[in-house]
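Subject: Structure for you to look at

Hello,

Here is the structure I said I would pass on.

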Amino acid sequence: MIIHHLGEKPSILNQFIAELRDVKVQKDRMRFRKNLERIGEVLCYEMSKTIDYQSENIATPLGEKEVLLPKDEIVICSILRAGLALHQGLINFFDCADNAFISAYRKHTSETEFDISVEYLASPSLEGKILFLADPMLATGRSFVNVYEALDGLGKPKQVHLFAVIGAEQGIEYVKDKFPEDTHLWIATIDPKLNEKGYIVPGLGDAGDLAFGDKMQQ
């Protein structure tokens, strides 16, 4: 896996990450969602430098201009529900992409043990396309892996790109072994560990709850 850790270098990205983490700022749900969206845009812009382009002639009111445009079809698949705001950031830049949505949530078997349940999927064919998988939190890594397995049978993507805002080192190591070697991970920042409940420390809390409100545990 090829890891692109954008938060390692100073940029305005760090401002957005800081506001996501800040317990005072993150109480504003609209701002929280907007920061997820803006981080998605930053990650997506950097990723756009790595794909293939082809030359096309564009007619203007005064003539023609040769430009380089993306060559391949793209499918953006976000993991519901936390991935929705991040998804918006990705389609702000790749607005011609097809879209897919899949649900994945923690189904607790005890206070500290849980399975990842995948129940809903709406997706076009992935055959020969570039697949974006988006989820703000890469904690244990099991959501990314279970979702990728659920997409099996929809066609073999040309490339796979994972997008996350915060990841734990343990979760990143886990997904490394489950995805093709040429998979790219685009991530804003990486934290050192998980707690006993599988949440990223220091992290930011539950991204889905902060973006959209509390939910009943299942």
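Predicted model: local features only at pLDDT ≥ 70, side-chain atom pairs only at ≥ 80, totals over all residues.

Glu19 forms a salt bridge with Arg31, and their closest N and O atoms are 2.9 Å apart. This pair links distant parts of the chain, with Glu19 in helix H1 and Arg31 in helix H2, 12 residues apart.

Which residues of helix H1 are buried? They are Leu13, Phe16, Ile17, Glu19 and Leu20. The arc they cover around the axis is only 160 degrees, so they sit on the same side of H1. What they pack against is helix H2 together with strands E11 and E12.

The count of salt bridges comes to 11. One of them joins Lys34 and Glu37, with the closest N and O atoms 3.5 Å apart. Both residues lie in helix H2, three residues apart, which is about one turn of the helix. An α-helix has 3.6 residues a turn, so residues three or four places apart point the same way. Lys34 is partly exposed at 41%, whereas Glu37 counts as buried at 14%.

Another salt bridge is between Asp72 and Lys158, where the closest N and O atoms are 2.9 Å apart. Here too distant parts of the chain are linked, since the two residues are 86 apart: Asp72 is in the loop between strands E3 and E4, and Lys158 is in the loop between helix H4 and strand E11. Asp72 is buried, with a relative accessible area of 19%, because the limit for buried is under 20%. Lys158 is partly exposed, at 38%.

Now the cysteines. The count of disulfides is zero. For Cys77, the nearest cysteine sulfur is that of Cys44, 14 Å away. A disulfide needs two cysteine sulfur atoms within 2.5 Å, so Cys77 is in none. Cys77 is buried, with a relative accessible area of 1%. Cys96 is in no disulfide either, and its nearest cysteine sulfur, again that of Cys44, is 12 Å away. Cys96 is exposed, at 76%.

Last, His87 in helix H3. Is this residue buried or exposed? His87 is buried, with a relative accessible area of 4%. Leaving aside residues up to four places away in sequence, His87 touches Ile76, Ser78, Asn99, Ala100 and Phe101.

Regards

Notes. Residues numbered from 1 in each chain as written. Heavy atoms only, no water. Helix = DSSP H or I, 4+ residues; strand = E, 2+ residues; numbered from the N terminus. Buried < 20%, exposed > 50% of the residue type's maximum accessible area, 1.4 Å probe, protein only. Contact = heavy atoms within 4.5 Å. Arc of directions from axis to C-beta. Salt bridge = Lys/Arg side-chain N within 4 Å of Asp/Glu carboxyl O.
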